Amino acid sequence: MDVMQTSSMAGAISFGAASPAADFPIIQQLKKSFGQLVRSTPFLGQGYCTHKGDEQLRRMLAQRSADGHVSVTADDIIIASGCQGAIGLCLKALCKPGDIVAVESPCYYGLLQLVESLSLKVIEIPSDPKTGMSIDALQLALEQWPIKTVLGVPNFNNPLGAQMPETAKKALVELINQYQISFIEDDIYGELGYTHQRPRAVKSYDTQDRVLLCSSASKMLEPQLGLGWIMPGRYMQEVEYQRFLSASNQFCLPQMAVAEVLNRSSFDRHLRLARDTYRGRRDHFFKLISEHFPSDVRLSSPQGGYVAWLQLPAGLNATELYFEAKAQGIIVAPGEIFSSNANKFKSSIRLCYSKAWTPARKEAIALLGSLVQDKLNHKD
């Protein structure tokens, strides 16, 4: 079941793919930056980009990392092909086939597919809709299994939208130090919290350089940039080598354009606008769900990002709902794809609310709610 493929189905209204909104002014600024760089900058005929990526971009990322209380320099950062590409480099650097990786559950299906593609084994750690990965459950797993690394999204987890409390972030770092393993921090939604103060990254508590922080421009700006980065800490040499093996060079132009955008005060204005906009769209989403869905559905309450986890009434099959909704031109992400065990989360769906609430999208939520109510009526 390819949610990304069906999300682009002609004429469909999609709540399935976690894509950012495209109606922010900064997208036009980004286009202008590309155009100006093409006309004025000798980025062609200059050979390869530096082996770690564009230096100006890395400087800007190092400066911005201070907002998450992370202290790094440009030399501590490697540019990669998107956040998933960054995580893939980390996994290759840290693990060999057959090693065990602990992930939160439910877990973004792209990460599960990535781990599987590298012939790694998965242990799923329960995740709470509000507080994220259970530290107690992770400790039990570490006591029982030779876990090589832990992979998680502490700030505004996908698909729950959960935010790990600061006390839990500290406890997580203490655990990985105790067991002398690593933590791959997917911080792709870290800048999109609904308050104007960015939450701290787990890496900010890292006392032994065991946290590899990965992020991307795809959720803040535009997925087609294909631009991610890694702050690999003590694993710099291993990750740098994997980057060389995987892609010895990357396009310089997107890196230069993003560096230029990050260097402007308008980027901070964009983040403030994006945070306010997504919070407003979340609130309207909640209102639509309360109006059109049965009262006994349960919905997570994300404090950042733009995805939410909806649990259907007991006994309803979310995969059946996925196919029924698809037949009506509505795309959702069924819960079963967020686990390596297809029998888990059979009554849950993930919904993305990043786009503006047009009449068509409101009607689609109403129709989706009526499909759920019909299934509930037939069940009874």
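Contact, as used in these legends, means heavy atoms within 4.5 Å. Helices (H or I, at least four residues) and strands (E, at least two) are DSSP runs, numbered from the N terminus. The model is predicted, so local features need pLDDT of at least 70 and side-chain atom pairs count only at pLDDT 80 or more, while totals for chains, interfaces and linings use all residues. Residues are numbered from 1 along each chain as its sequence is written, and side-chain values use heavy atoms, with hydrogens and water left out.

View 1. Strand 6 (residues 147-152) and strand 7 (residues 182-186) run parallel and are joined by 4 bridges. In this pair, Thr149 stands opposite Ser182 of strand 7.

View 2. Axes are lines fitted to C-alpha atoms, for helices over the stretch in contact, and angles run from 0 to 180 degrees between N-to-C directions.

**View 3. Helix 6 against helix 7.** The axes of helix 6 and helix 7 (residues 166-178) come within 10 Å and cross at roughly 10°. The two helices are therefore roughly parallel to each other, a term for angles under 35 degrees. Ile135, Leu138, Gln139 and Leu142 of helix 6 meet Ala168, Ala171, Leu172 and Leu175 of helix 7.

View 4. Ala318 belongs to helix 11 (residues 318-327) and is buried, with a relative accessible area of 1%; buried means under 20% relative accessible area (1.4 Å probe, protein chains only). Apart from neighbours within four places in sequence, the contacts of Ala318 include Leu312, Pro334, Gly335 and Lys346. Ala318 and Ala333 are 15 residues apart in sequence and 8.9 Å apart in space, C-alpha to C-alpha.

View 5. Arg361 is located in helix 12 (residues 359-379). Arg361 is buried yet has no salt bridge, that is, a side-chain nitrogen of Lys or Arg within 4 Å of a carboxyl oxygen of Asp or Glu. Asp23, the nearest side chain of opposite charge, is 9.6 Å away.

Methods. Two strands pair if DSSP finds at least two bridges between them. Buried means under 20% relative accessible area, exposed over 50%, partly exposed in between (1.4 Å probe, protein chains only). Lys and Arg count as positive and Asp and Glu as negative; His and the chain ends are not counted. Angles under 35 degrees count as roughly parallel, over 145 as roughly antiparallel, 65 to 115 as roughly perpendicular and the rest as oblique.
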